Amino acid sequence: MVSRIFTSSSLCRRGGLYGKGFDLLMRSAGGVANQRYESHERNVVQSPFGSVDIPTKNVTEFIFEGYEKYADKPAVTCGASKRSYTYGMTYEMVQRMARGLLSQKGCAMRKHDVLGLLLPNIPEFVSALHGGLLAGLSVTFANPLYTAEEVCRQFENAGVTAIVTLPMLLPVAEMFKMKVKQYKGTICIGGKHDLAKNIYGFEQFLKENHSSELPTIDVHKTAILPYSSGTTGLPKGVELSHFNLVANLAQGSHPDISKYYQPEYRECRCF
């Protein structure tokens, strides 16, 4: 009823008290909107480095672009065990992981499914994360020091249907599996296949040469779902698209910000 009164054309045409009141209301609302707009404009901070071109690429493609030039150089190394993978090995593992996640003989996941990583900071985290992204999945990751209940709550909230973890954390994955109707499988880094329990050993999983077509990825689709630590309440997820992540990386690639993108450094290819 109120909506019809204020949008009535007869009311707008009136020259009496109601017409003047309506005009005053509209002018007042417009003034507030303009003030907010002007205030917003004053709070826009322009970068002294100028604008940045943001490529329309998925984040995995952006990061590994031109990796062939450094295929034999270390990409990730474990500080404790010194276990290391070159750029060439890492990207090969990423592709094999992606195909295994999508393969009918693997986890049979589908585009837009969510992969959960329950891992410490180890070299295989890279291939697990980017394998999921290259498969067109969304990826979330939980602190391995969380309690089982905390992990299950986050993974339930995110809609996880498969987990990558370690042998010592398999009981947590098994607990979560009982809560999900269409669970696709657990990939265990350092473990072995136990197909009766829907568990895949990571190394064997990658060696099986799964055959599946990798999808075209919408860069505005959710890529990762990081969660807050829950300091002021329950942890909350944040949806970040491939475009968000590439934009952030592109900002950091400005030569005045990162020495790795300065002309003299790029020419010598020191790393």
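Q: Hi! Quick one to start: is Leu137 buried or exposed?
A: Hello! This is a predicted model, and in it Leu137 counts as buried, with a relative accessibility of 0%.

Q: Nice. Where does Leu137 lie?
A: Leu137 is in the loop between helix H6 and strand S4, the strand that covers 138-141.

Q: And which residues is Leu137 in contact with, leaving aside its neighbours within four places in sequence?
A: With those neighbours left aside, the contacts of Leu137 are Leu101, Met109, Arg110, Asp113, Leu115, Gly132, Lys221, Thr222 and Ala223. Take Leu101: it is 36 residues from Leu137 along the chain, and the two C-alpha atoms are separated by 9.2 Å.

Q: You mentioned H6. How many of the residues of H6 are buried?
A: Nine of its eleven residues, so helix H6 (residues 124-134) is largely enclosed by the rest of the structure.

Q: Which ones are they?
A: The buried residues of H6 are Glu124, Ser127, Ala128, Leu129, His130, Gly131, Gly132, Leu133 and Leu134. Gly132 also turns up among the contacts of Leu137.

Q: What about phi for Gly136, which follows H6?
A: Gly136 has a positive phi, near 85°.

Q: OK, on to H8. Which residues of that helix are buried?
A: In H8, which runs over residues 170-177, they are Leu170, Val172, Ala173, Phe176 and Lys177. Looking down the helix axis, these buried residues fall within an arc of 160°, so they line one face of H8.

Q: Let's change topic to backbone angles. What is phi for His112, and where does the residue lie?
A: Phi of His112 is near 85°, which is a positive value in a residue other than glycine. His112 lies in the loop between H5 and strand S3 (114-117), and it is exposed, with a relative accessible area of 51%.

Q: And what is phi for Asn209?
A: Near 50°, again positive in a residue that is not glycine. Asn209 is found in the loop between H9 and strand S8 (222-224).

Q: Speaking of H9, which helix gives the most to the lining of the second largest pocket?
A: That is H9, with five residues. Helix H5 (87-102) and helix H9 (202-207) each supply at least two residues of this lining.

Q: How much space lies in the second largest pocket?
A: About 290 Å³. The second largest pocket is lined by 16 residues, and the closest to its centre are Phe202, Glu203, Gln204, Leu206 and Lys207.

Q: How many of the lining residues of the second largest pocket are nonpolar, polar and charged?
A: There are six nonpolar, four polar and six charged residues in that lining.

Q: Last bit: the protein as a whole. How many helices and strands does it have?
A: It has eleven helices and nine strands. Of the 271 residues of the protein, 39% count as buried.

Terms used. Residues numbered from 1 in each chain as written. Predicted model: local features only at pLDDT ≥ 70, side-chain atom pairs only at ≥ 80, totals over all residues. Heavy atoms only, no water. 1 Å grid on protein atoms, 1.4 Å probe; cavity = no way out; pocket = protein on both sides within 12 Å on 5 of 7 lines; lining within 4 Å. Points joined across faces, edges and corners; volume = space filled by probe spheres on them. Helix = DSSP H or I, 4+ residues; strand = E, 2+ residues; numbered from the N terminus. Nonpolar A, V, L, I, M, F, W, Y, C, P; charged D, E, K, R; others polar. Buried < 20%, exposed > 50% of the residue type's maximum accessible area, 1.4 Å probe, protein only. Arc of directions from axis to C-beta. Contact = heavy atoms within 4.5 Å.
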